[in-house]
Amino acid sequence: MATVTPPPAARDERDVILAPPPPVRRILVDSEPTVVQAPLGNGYATQAGVGLTAPLRRAEPSSAPKVERMRIEGVSIAYGEKLAVDEVSLPVRQGEVLALIGPSGCGKTTLLRSLNRLVEITPTAIRSGTIRLDGDDIDQMEVTALRRRVSMVFQQPNPFPMSVFDNVAYALREQGSGRPGKDALMSQVGDALVRAGLWDEVGATLDHPALRLSGGQQQRLCIARALAARPEVLLLDEPCSALDPRSTQVIEELILKLREEVAVVIVTHNMQQALRIADHVGFMYLGELVEYGLADQVFGAPREQRTREYVGGAFG
Amino acid sequence: MTKPIDSVSSWPLRDRAAFYAAWAAGIALIAIAGAIVVYMAFRGAQYFDFGLLFESPSASLNQATSGGFKDPIVGTALLLIMSTAIAAPLGVVIAVWLTEYGRPAGLARAVESAVEVVAGTPSIVLAMFGLILFQEWFGFLTFDAEGAVLGRSFIAAASMMSLIALPLVVGATREALNSIPGHVREASYALGKTKAATIRRVLLPAARPGIGTGTALGMGRVAGDTAIVVVLLGSTLQILNGANGSVFGLFRGTGSTLTSYVYYNSPAGEGLAPEKAYFAAFVLLLVVILLNFVVTRIARGKEELWPR
């Protein structure tokens with residue numbers, strides 16, 4: 001019979017409401033009912049042998065050297081009067097996955113979109129603070145050049161209405177005259193498809209329309225498209241939220257492989273996902289970066305009360 | 001035995017009456033559409049003469065020698081091509097500007113209203129406007145009969161005809177562009193592409209079915225219009241070259257279309273050859289049905305490409 005540790009004593013009234021769920025009775029066929037601690041919601045069992053959670057598939061840290069690619073310094077973003085991101089500072093490193101978590105509307109997507117200056121297309125958005133890419137201020141760069149180096153994949157798979165090949169070659173083709181032909185781009189396109197783990201499925205049918213692919217394949221095609229110009233940073237805005245569990249798993253494995261050669265920042269609603277693939281986690285709440293640290297620390301031993309409540313499933 | 005709760009016989013009398021009235025209206029419409037096609041096909045078959053399609057018409061009181069309607073067919077085709085060549089690019093450009101730029105907002109609203117005004121103007125009013133335009137200012141683009149500027153030519157008719165097709169192209173293109181989710185545009189910007197490149201490489205290809213639908217609808221309207229043809233193309237049944245047989249002369253020349261030919265030969269016109277009018281009307285009907293068929297074929301490719 002398992003021994004049950006009682007939940008930590010509530011310190012004040014707020015804690016009573018937001019405390020971890022109370023113990024539950026576990027009833028098994030042909031055995032005495034036992035009282036066990038309820039699962040913590042994030043699948044992160046704090047006590048060994050306790051809880052009904054499935055065993056965790058936690059990614060091993062990458063052996064690749066960590067290289068700082070981007071640095072966010074005191075960045076605030078407002079939409080008109082409304083402050084969406086408040087004085088956030090963060091490093092973005094190659095060789096690891098940085099996950100931004102937090103409830104809806106906490107500013108994590110806005111922060112992500114500021115890294116390739118995509119917030120600028122929202123007319124009311126104002127940004128302060130500095131973002132550096134390899135030491136250079138991104139505001140001083142040509143925006144099209146920046147976006148080739150800091151690439152992005154969106155929530156909904158959105159291949160363009162053209163062939164698989166043309167989708168991947170899209171970023172490689174310069175505007176105007178002198179568009180390189182198929183043969184000239186073949187090696188780069190093939191390389192991007194291999195890196196996105198899609199070559200085996202579409203290598204023989206590169207001229208087929210991209211919108212005929214399945215949802216998971218479309219999303220990997222979007223990743224290939226983003227990788228084609230060999231970016232240094234890959235931004236992923238909830239890339240799996242429109243996908244089934246199997247496709248999600250394929251993409252998560254892909255992300256773990258990609259972190260070796262490109263800095264990966266992923267925004268996710270899904271805490272289990274952050275736990276599975278992230279090396280560092282930033283928890284945002286109401287525009288603030290509440291806590292930043294190694295994934296094990298943020299999920300296992302959060303320093304801040306709000307983080308503890310969020311990863312414990314008390315809100316969000 | 002259980003009766004379905006929602007069976008019509010259980011409805012109140014008022015609802016039942018409305019229900020049957022709706023059925024009757026639908027069936028009446030089918031009957032009318034069927035009657036038009038069957039009757040015109042019957043008359044067309046009755047006066048069917050393959051040779052008429054390849055014979056030029058001539059004005060003659062003797063029906064046996066008044067020729068066929070090769071020129072009206074050529075005229076219809078020419079007018080369709082010319083007015084589409086004006087309306088389609090112009091309409092697409094207007095729609096792209098309205099949907100993707102639309103700034104300053106006041107100007108965009110003014111353009112929208114202008115498109116609506118053009119769409120609401122009766123074609124005979126467009127024809128009279130065109131007559132003034134081409135008599136007073138653009139006479140060099142029209143047929144001149146020994147120095148007298150009549151303001152009539154294929155160019156005059158096609159440019160006014162293009163105004164009929166233009167609002168349809170603008171409307172269908174805007175609808176197609178609006179149905180492309182914002183994240184598709186952002187995906188292109190996020191790959192380091194400019195707005196212009198995004199429009200050219202992503203948005204216009206995605207909107208192509210919509211553009212095609214609008215253009216084909218506009219062509220159907222152009223093929224069926226009579227007022228502009230009678231006023232601006234002239235009443236010559238044969239195509240008259242405006243300047244020594246050159247292509248520009250053809251554009252400056254006058255002629256006829258299937259609609260004006262039907263009108264001319266109908267009991268209301270001067271030709272008084274109803275059998276030819278019926279056959280020509282049947283050919284015109286086929287042309288328009290063919291265009292509608294093309295519309296449905298294009299529209300079939302219009303399924304949602306991306307989730308929102």
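What share of the contacts in chain A with a separation of 6 or more comes from residues 24 or more positions apart? The share is 67%, where two residues are in contact if their C-beta atoms, placed from the backbone, lie within 7 Å. The model is predicted, so local features need pLDDT of at least 70 and side-chain atom pairs count only at pLDDT 80 or more, while totals for chains, interfaces and linings use all residues. Residues are numbered from 1 along each chain as its sequence is written, and chains are lettered from A and ligands numbered from 1 in the order in which they are written.

**Figure 1. Chain A.** Chain A has 11 helices and 12 strands; these are DSSP runs numbered from the N terminus, helices being H or I with at least four residues and strands E with at least two. Of the 316 residues in chain A, 41% are buried. A residue is buried if 20 or more other C-beta atoms lie within 10 Å of its own, exposed if 12 or fewer, and partly exposed in between, with C-beta atoms placed from the backbone.

**Figure 2. The side of chain B that touches chain A.** Here 17 residues of chain B are in contact with 21 residues of chain A. Helix H6 (182-189) and helix H7 (195-224) of chain B each supply at least two residues of this side of chain B. H6(B) gives the most, with 5 residues. By type, the residues of this side are 12 nonpolar, 3 polar and 2 charged. Ala, Val, Leu, Ile, Met, Phe, Trp, Tyr, Cys and Pro count as nonpolar, Asp, Glu, Lys and Arg as charged, and the others, Gly among them, as polar.

**Figure 3. The largest nonpolar core.** This core has 153 residues, and A:Val265 and B:Ala157 have the most contacts inside it. Helix H5 (residues 154-178) of chain B provides the largest share of the core, 17 residues. A nonpolar core is a set of buried Ala, Val, Leu, Ile, Met, Phe, Trp, Tyr and Cys residues joined through C-beta atoms within 7 Å. Leaving aside neighbours within four places in sequence, the contacts of A:Val265 include A:Val92, A:Leu112 and A:Val233.

Figure 4. Just after H2(B), B:Gly102 takes a positive phi of about 60°. The peptide bond from B:Arg103 to B:Pro104 is cis, with omega near 0°. B:Pro104 sits in the loop between H2 and helix H3 (105-120) of chain B.

**Figure 5. Two residues of chain A with positive phi.** Most residues other than glycine have a negative phi. A:Arg117, which is not a glycine, has a positive phi near 60°. A:Arg117 is in the loop between helix H2 (108-115) and strand S6 (125-133) of chain A. A:Arg117 counts as partly exposed because it has 19 C-beta neighbours inside 10 Å. A:Glu238, also not a glycine, has a positive phi of about 45°. A:Glu238 is in the loop between strand S9 (233-237) and helix H8 (245-258) of chain A.
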